[in-house]
Amino acid sequence: MDGVPNVTRADAKAALRNPLAFIAERWTPEPRTVQRAALSALVMAVIIVVTGGAVRLTGSGLGCPTWPKCTDDSLTATSAMGVHGAIEFGNRMLAYVLCAAVGWAIIAARSQKPHRRGLTRLGWAQFWIVMSNAVLGGIVVLVGLNPYTVAAHFVATSALIAVATVMWQRTREGDAAPRPLVGKAVRQLVWFLTAAAVLLILVGTVVTGSGPHAGDSSEVERMPFDWETVSKLHAVLAWIVVTLTFALWFVLKAVGAPKDPLNRTRELFLILLAQGVIGYVQYFTDLPEILVGLHMLGSAVMWIWVLRVVLSLRERSQAVADLPGPVAEPTLTKA
């Protein structure tokens, strides 16, 4: 059995000065490990959406009435705060799990050989979004669940999901320049689809901000919009996204596009149909909490698949280094 290697004082100083470089010099993860690390960060980002929705739907948004402590006198929730305090504090603790997942993705990407700087930057982008959103989450509590800050909190999480999705995709690709698999007109159609999906998410936050689920059992400020009108606008945008997705699938089929874009588009269409069913059922059944939670999960999954459709329209092979060619043998000539 191999012994534990001696760590010199110079090694300790190097680890303190740049721990990521220190780990990278001594560990090379398998490509599958890097992919799983990136996927774990993405999965945790989706889980945070679901648990954040559970906080709001159970009226636990002010279960911990202050931030960064749970109360003025306690860092954690107490038994006197009941289930609402436990739910809110539990969601805060999951933010640390998310940080750990993002940190694992950064370490794995930094340690990969050869070093892929772009992949590491995507990991750090997630880290800074998480940190910023944690501060924003604290502001949400301090301003008493102001609906505009709640909406901004969700939008920031959607940005985190976008970066995590791109990183996960990049772990399964090379670093060569992207080569488009479809024509310019098809790519433009996909960008229209993406823009419509972004608008759908933004209007969805307005539906939430003006609707009955305020996140707390007490009187909480709502956005000054007619909830039914905003909900109908949200439904119209959803049908636009569904129509664009079906049109994209039809065009991809007509032009003989590769299998990957076709598969991702078909999957997105099915996700949108399921999301639509949940949306209409919750609308006509007075917004039961379980269906609203499923709709929030569906929103995150829908956004991931929109991005997967975008990323499937090009391929990136492994970059090939320019290696020197064989040295030619000198030719002898007769004088």
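Visitor: Is phenylalanine 127 buried, partly exposed or exposed?
Guide: Phenylalanine 127 is partly exposed, at 24% relative accessible area. Buried means under 20%, exposed over 50%, and partly exposed in between, with a 1.4 Å probe and protein chains only. This is a predicted model, where local features need pLDDT of at least 70, side-chain atom pairs count only at pLDDT 80 or more, and totals for chains, interfaces and linings use all residues. Residues are numbered from 1 along each chain as its sequence is written, and side-chain values use heavy atoms, leaving out hydrogens and water.

Visitor: Why is the pair of tryptophan 124 and phenylalanine 127 edge-to-face?
Guide: Their ring centres are 5.4 Å apart and their planes stand at 85 degrees, so the pair is edge-to-face. Rings of Phe, Tyr and Trp (its six-membered ring) pair if their centres lie within 6.5 Å; planes under 30 degrees apart are stacked, over 60 edge-to-face, the rest tilted.

Visitor: Which residues form a cluster there?
Guide: Trp124, Phe127 and Trp128 form one aromatic cluster.

Visitor: Different topic. How many disulfides are there?
Guide: The structure has one disulfide, a term for a pair of cysteine sulfur atoms within 2.5 Å. Cysteine 64 and cysteine 70 form it, with sulfur atoms 2.0 Å apart.

Visitor: Are those two buried or exposed?
Guide: Cysteine 64 is buried at 0% relative accessibility, and cysteine 70 is buried at 0% too.

Visitor: And what sits over the ring of tryptophan 168?
Guide: The charged end of arginine 172 does, 4.1 Å from the ring centre. The rule asks for NZ of Lys or CZ of Arg within 6 Å of the ring centre and within 35 degrees of the ring normal.
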